[in-house]
Every structure is written in C-alpha cells, then in structure tokens.
Amino acid sequence: MRPSVTTLAMDARQSAADVVARHKKQASFRLYAVLAPCLEICERCTRNPADLAEIEALFRQQPHDGNRRYVEAGSHIFVLVCRFVFSGTNRSNAIRYSQCLREAVKLGIDSEDLEAWLRQNGGVNALYFRRPLASRTASARTLRLARSITFPRDKPFTLTLQWGTDNAFRVLEAAE
C-alpha cells in the first residue's frame, strides 16, 4: 500500500532537513533523492483532488516566518510542495527546486526516474536553466571556470568564455 501524501510529504521534509543540516559531502545526490518524492507528491496531487486538498491543508498548518504569509490559492503545486518540504532552507532554493520539478514534468521525467536523471544529466541546474527566461542576459560578480587558466599577473589578458547550464564558464580562448 502506498503511503498517504501527508506521510510522503512529512518524510520528504525530514529528509530535506537532514540533507541541509548534516550532509555536506554528496549533498547534491541526497537532494536528488528528496526531489523524487516531491515530484511524486506533485504527480499524485495533479491526478487526485483529495491529495491536493490534503497537501494544501498541510501547507496551511505549518508555522509561518515572521509576518510573511504564503498565498496558497493560485500557487502552483510545485511551489507548495517545495515550500513545505524545504521549509528550513532559503526560500529562493525552494523556488528553484519547484522550477526544476516543473521542467522535469515538461520533459516527461517522472518521479521514479528523476533521481537517476539528475545524477546523469547535471543536477538541478540542468533543469532549472532549461526554462525560458524573460531576459537573455545574466549578471555575475564571480565566475567559475570549467578548467583552470594560466595568466600573467602584471599585464592584461583576454578570455573568451561560454556559459554552461552547470553554471560554469567554459574557456574557449585565453590570450595576452
């Protein structure tokens, strides 16, 4: 017998708290293992209005930080699930994970395959950066290069970079 959506959500929430608090090594792989049941909850809520009502009620019962109130009516199921499961993390991470799940559904990746897909295809960013963006540009203060470069310390140099969906920059050319 399958667990109830509430049980699944509470278990996922506990696993998410464990990933954030305890496991720095291989945290990404542990995160993928939490996102899979999140997607399962979303799938079940999409198919069954009773499961959706159960998750919405569970979400409304959770304590809210400060004066911030969440708008349940109209919030997408991915947002509700991720805000509930990842309640102990930064809100922007929860939104990022919800967008990742939404993209997985668009690509036809189901909850049973999500963890393996994330491991094999570059993780959350591989889905997060697939979504259409309103702006074709991005800003960054620091850059993560996909490989190290050698450069002169005392004179200017030029790099030609290409951004990758893993959020690293590929060095196409380095010149003095």
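Tutor: Gladly! Let's begin with a pair of helices, H3 and H4, which are oblique to each other. Keep in mind throughout that this is a predicted model.

Student: How is the packing of two helices described in general?

Tutor: Two packed helices are described by the angle between their axes and the distance between those axes. Here, helix H3 (residues 49–61) and helix H4 (residues 77–85) pack at an angle of about 45°, and their axes are 10 Å apart.

Student: Which residues of H3 and H4 make the contact?

Tutor: On the H3 side, Leu52, Ile55, Glu56, Leu58 and Phe59 take part, and they meet Ile77, Leu80, Val81, Arg83 and Phe84 of H4. As for handedness, the crossing of H3 past H4 is left-handed.

Student: Let me stay with H3 for a moment. Is Asp51 buried or exposed?

Tutor: Asp51, which sits in helix H3, has a relative accessibility of 11% and therefore counts as buried, since the cut-off for buried is under 20%. Leaving aside residues up to four places away in sequence, Asp51 touches Val5, Arg44 and Cys45.

Student: And what about Asp11, is that residue buried, partly exposed or exposed?

Tutor: Asp11 is in helix H1 (residues 5–22). Its relative accessible area is 47%, so Asp11 is partly exposed.

Student: Which residues of H5 are buried?

Tutor: They are Ala94, Tyr97, Ser98, Cys100, Leu101, Glu103 and Ala104. Just after H5, Gly108 has a positive phi of about 80°.

Student: Where does Ala126 lie, and how far is its C-alpha atom from that of Ala104?

Tutor: Ala126 belongs to helix H7 (residues 124–128). With a relative accessible area of 10%, Ala126 is buried. The C-alpha atoms of Ala126 and Ala104 are separated by 9.9 Å, although the two residues are 22 apart along the chain.

Student: Now H6, please. On which side do its buried residues lie?

Tutor: First find them: in helix H6 (residues 111–121), the buried residues are Ser111, Leu114 and Leu118. They cover an arc of only 20° around the axis, which puts them on the same side of H6. Glu112 and Gln120 are exposed on the other side of H6. Just after H6 comes Gly122, with a positive phi of about 100°.

Student: Can we step back? How many helices and strands does the protein have?

Tutor: There are seven helices and two strands. Read from the N terminus, the order of elements is α-α-α-α-α-α-α-β-β.

Student: What share of the protein's residues counts as buried?

Tutor: Of its 176 residues, 35% count as buried. For contacts, take those with a separation of 6 or more: residues 24 or more positions apart account for 57% of them.

Conventions
Residues numbered from 1 in each chain as written. Predicted model: local features only at pLDDT ≥ 70, side-chain atom pairs only at ≥ 80, totals over all residues. Heavy atoms only, no water. Buried < 20%, exposed > 50% of the residue type's maximum accessible area, 1.4 Å probe, protein only. Helix = DSSP H or I, 4+ residues; strand = E, 2+ residues; numbered from the N terminus. Arc of directions from axis to C-beta. Axes fitted to C-alpha atoms, helices over the stretch in contact; angles between N-to-C directions. Parallel < 35°, antiparallel > 145°, perpendicular 65-115°, else oblique. Left-handed = near helix turned anticlockwise from the far one by under 90°. Contact = heavy atoms within 4.5 Å.
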